[in-house]
Amino acid sequence: MSDFFSTTTLLEIFVKIMMILLILPLHEFAHAWTANKLGDDTAKYMGRMTVNPFAHIDPIGALLLLFCGFGWAKPVPVNPLRFKNSSRGMMLTALAGPVSNLLAAIVGMIAWQLLDGGAYVIEEAGSYMVVSNTMGYAMWMLHCFIVINVNLALFNLIPVPPLDGSRILSHFLPHGAQVWLAKNEQICHLVVMALMVTGVLAVPLRLLNQVVMFVLHLLLGWIPPVL
């Protein structure tokens with residue numbers, strides 16, 4: 001049992017490292033690409049419209065993803081004055097990041113269905129049993145990939161600065177509330193970090209993750225396995 005636990009734990013760590021090197025850069029690329037399409041080439045000019053991880057990795061955000069399952073990369077620079085509609089442009093640019101994570105989760109779920117992942121990773125009473133063979137471990141890694149992508153999307157949609165959700169929320173708020181959010185961004189950032197480290201965010205995000213995973217299974221469960 002200890003050998004099995006060690007194997008799955010190591011595989012989960014491997015997936016998280018891949019997320020840091022591949023998915024966090026994709027998240028930031030989505031921001032930069034959307035901003036560029038909407039008229040702001042600041043991120044492109046500064047070399048941030050790329051999936052090169054070295055252009056995006058934030059050490060603290062990477063470590064938090066590794067140990068807590070939620071994290072971030074360096075935010076791409078955005079100049080709202082270059083958008084035709086600054087509020088709408090900021091909202092769409094912010095939304096692009098979580099959408100990229102949800103799309104990655106959907107791709108992972110499609111692969112899960114095609115490979116009949118449910119035959120290898122079986123949920124039982126809130127826990128998971130993995131068939132101890134090569135395919136079982138591969139499906140465990142795919143399961144972790146899907147779950148972490150959903151976690152990242154949900155985490156970034158929290159409407160607290162400097163997370164993407166605050167930029168989305170700001171679009172629908174009156175000017176005074178927008179100013180308040182901007183002035184208190186650093187304090188909000190510290191609060192979010194404290195909630196992450198202490199695990200306070202873990203329970204509500206886990207519940208939301210289960211809801212999203214249920215919806216993904218509902219929408220994509222019809223895909224037949226090819227094996």
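User: Hey, what's the handedness of the crossing of α3 and α8?
Analyst: In this predicted model, α3 crosses α8 with a left-handed sense.

User: And what angle do α3 and α8 pack at, and how far apart are the axes?
Analyst: The angle is about 30 degrees, and the axes are 10 Å apart. Helix α3 covers residues 59-68. Since angles under 35 degrees count as roughly parallel, that makes α3 roughly parallel to α8.

User: Which residues meet there?
Analyst: From α3 you have I60, L64 and C68, and from α8 they meet M193, M196 and V197.

User: Nice. Switching to α4 now, at what angle do α4 and α9 cross?
Analyst: Roughly 55 degrees, with the two axes coming within 10 Å. That makes α4 oblique to α9.

User: Is that crossing of α4 and α9 left-handed or right-handed?
Analyst: Right-handed for α4 and α9.

User: What about α4 with α6, how do they pack?
Analyst: The angle between α4 and α6 is about 145 degrees, and their axes lie 8 Å apart. This crossing is left-handed.

User: Who makes the contact on the α4 side and on the α6 side?
Analyst: Helix α4 brings S87, R88, M90, M91, A94, L95, G97 and P98, while α6 brings D164, R167, I168 and H171. In the contact of α4 with α6 there are six nonpolar, three polar and three charged residues.

User: OK, pockets. What's the volume of the largest pocket?
Analyst: The largest pocket comes to about 830 Å³. Its lining has 28 residues, and those nearest the centre are Y128, H143, V147, R206 and N209.

User: Which elements give two or more residues to that lining?
Analyst: For the largest pocket, those are α1 (2-37), α4 (86-114), β1 (121-124), α5 (134-156) and α9 (202-220).

User: Which of them has the largest share?
Analyst: That's α9, with eight residues of the lining of the largest pocket.

User: How does the lining of the largest pocket divide into nonpolar, polar and charged?
Analyst: There are 16 nonpolar, eight polar and four charged residues around the largest pocket.

User: And the second largest pocket, how much space lies in there?
Analyst: About 450 Å³ for the second largest pocket. It is lined by 22 residues, with P75, V76, P162, D164 and R167 nearest its centre.

User: Which elements give two or more residues to the lining of the second largest pocket?
Analyst: Here they are α1, α4, α6 (164-171) and α8 (185-198). D164 and R167 of α6 are also part of the contact with α4 we went through above.

User: Last topic, cavities. How many of 30 Å³ or more does the structure hold?
Analyst: One cavity of that kind. The largest cavity has a volume of about 50 Å³.

User: What lines the largest cavity?
Analyst: The lining of the largest cavity is made up of L24, H27, E28, G71, W72, A73, N101, L152 and N156.

User: Where does the largest share come from?
Analyst: From α1, which gives three residues to the lining of the largest cavity.

User: And how many are nonpolar, polar and charged?
Analyst: Around the largest cavity you get four nonpolar, four polar and one charged.

Terms used. Residues numbered from 1 in each chain as written. Predicted model: local features only at pLDDT ≥ 70, side-chain atom pairs only at ≥ 80, totals over all residues. Heavy atoms only, no water. 1 Å grid on protein atoms, 1.4 Å probe; cavity = no way out; pocket = protein on both sides within 12 Å on 5 of 7 lines; lining within 4 Å. Points joined across faces, edges and corners; volume = space filled by probe spheres on them. Helix = DSSP H or I, 4+ residues; strand = E, 2+ residues; numbered from the N terminus. Nonpolar A, V, L, I, M, F, W, Y, C, P; charged D, E, K, R; others polar. Axes fitted to C-alpha atoms, helices over the stretch in contact; angles between N-to-C directions. Parallel < 35°, antiparallel > 145°, perpendicular 65-115°, else oblique. Left-handed = near helix turned anticlockwise from the far one by under 90°. Contact = heavy atoms within 4.5 Å.
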